[in-house]
Amino acid sequence: MPSAPGRPLVAGNWKMNGRAAAVAELVKIVRGARDLPAVDIMVCPPATLIAAFAGAAQGSPVRIGAQDCHAEPAGAFTGDLSAEMLKDAGAVAVIVGHSERRGYHKETDADVCAKALAARRAGLLAIVCVGETRAERKEGRALAVVGKQLDGSLPDGATAENLVVAYEPVWAIGTGLTPTPDDVAEMHGLVRRRLVARFGATGQGMRILYGGSVKPANAQELMRVADVDGALVGGASLEADEFLAIVGVYQ
């Protein structure tokens with residue numbers, strides 16, 4: 001599992017990108033990570049690359065995560081992977097509830113909660129994603145939508161050691177659009193209050209990541225916002241130089 005809560009975390013979500021040759025890009029990230037000791041660094045490749053990436057990152061500060069898991073530990077679920085299988089392959093964390101899973105695969109808050117529990121069962125860090133659509137923000141419902149997602153997606157008994165929340169406004173993912181720092185501060189403040197209200201003192205230590213078109217050009221401004229404890233990076237994490245430039249905000 002990544003280092004103790006309190007340290008920023010920058011995680012790269014490679015989505016459905018990368019084949020065997022992509023190990024070379026990870027090696028570049030591993031080399032650069034040695035000069036960035038103040039931040040936890042994670043790369044979440046496709047499941048086909050987890051074992052190879054874990055091997056290439058062994059002994060380095062870079063940790064390897066997964067992008068999704070099934071809620072059950074085993075069974076007749078063709079094409080799915082359990083949290084235990086991901087850990088066995090070398091993952092230390094798993095993203096659950098990403099907006100693309102919620103949207104394309106119709107995953108509910110209850111589904112996400114079950115997967116977060118599966119991650120805990122397997123000893124993986126759950127990175128639970130929440131975020132509103134453009135329509136929901138325009139209708140003034142962004143805070144209510146995210147609040148509801150938090151209520152339904154986070155399992156009871158979560159701790160700062162086994163759970164991270166990632167706020168990703170759906171309308172900002174892959175579009176080049178980003179909320180203003182004030183918008184991010186408002187949402188992250190809401191998430192923090194909800195975490196403290198539900199989990200007490202441990203909620204104060206839970207890391208809250210921002211995701212959605214994070215790039216080297218805007219990373220410093222976004223990462224300095226109150227209650228932003230790191231980033232979940234999409235497209236920019238596919239290129240070592242861009243990803244390391246984002247991580248370097250914490251140098």
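**Close-up 1. Lys-15 sits in the loop between strand E1 (9–13) and H1.** In this predicted model, the phi of Lys-15 is near 55°, a positive value in a residue other than glycine. That is worth a second look, because most residues other than glycine have a negative phi.

**Close-up 2. Lys-106 belongs to the loop between helix H4 (99–104) and helix H5 (109–122).** Here too the backbone deserves attention: Lys-106 is not a glycine, yet its phi is positive, at about 60°. Is Lys-106 buried or exposed? Its relative accessible area is 63%, and exposed means over 50%, so Lys-106 counts as exposed.

**Close-up 3. Helix H1 (residues 23–33) packs with helix H11 (residues 240–247).** The two axes are 9 Å apart and form an angle of about 30°. The crossing in which H1 passes H11 is right-handed.

Close-up 4. Which residues of H8 are buried? They are Val-184, Met-187, His-188, Gly-189, Leu-190, Val-191, Arg-192, Leu-195 and Phe-199. These buried residues pack against several elements: helix H6 (134–138), helix H7 (142–153), strand E6 (163–167), helix H9 (201–205), strand E7 (208–211) and helix H10 (216–223). Follow the chain just past H8 and you reach Gly-200, which takes a positive phi of about 70°.

**Close-up 5. Pro-169 lies in the loop between E6 and H8.** Where does its accessibility place this proline? Relative accessibility is 0% for Pro-169, so it counts as buried. Setting aside its neighbours within four places in sequence, Pro-169 is in contact with Gly-131, Glu-132, Pro-179, Tyr-210 and Gly-211. One more pairing to look for is Pro-169 with Ser-99: 70 residues separate them in sequence, while their C-alpha atoms are 8.6 Å apart in space.

Methods:
Residues are numbered from 1 along each chain as its sequence is written. This is a predicted model: local features need pLDDT of at least 70, side-chain atom pairs count only at pLDDT 80 or more; totals for chains, interfaces and linings use all residues. Side-chain values use heavy atoms; hydrogens and water are left out. Axes are lines fitted to C-alpha atoms, for helices over the stretch in contact, and angles run from 0 to 180 degrees between N-to-C directions. Helices (H or I, at least four residues) and strands (E, at least two) are DSSP runs, numbered from the N terminus. A crossing is left-handed if the near helix is turned anticlockwise from the far one by less than a right angle, and right-handed if clockwise. Buried means under 20% relative accessible area, exposed over 50%, partly exposed in between (1.4 Å probe, protein chains only). Contact means heavy atoms within 4.5 Å.
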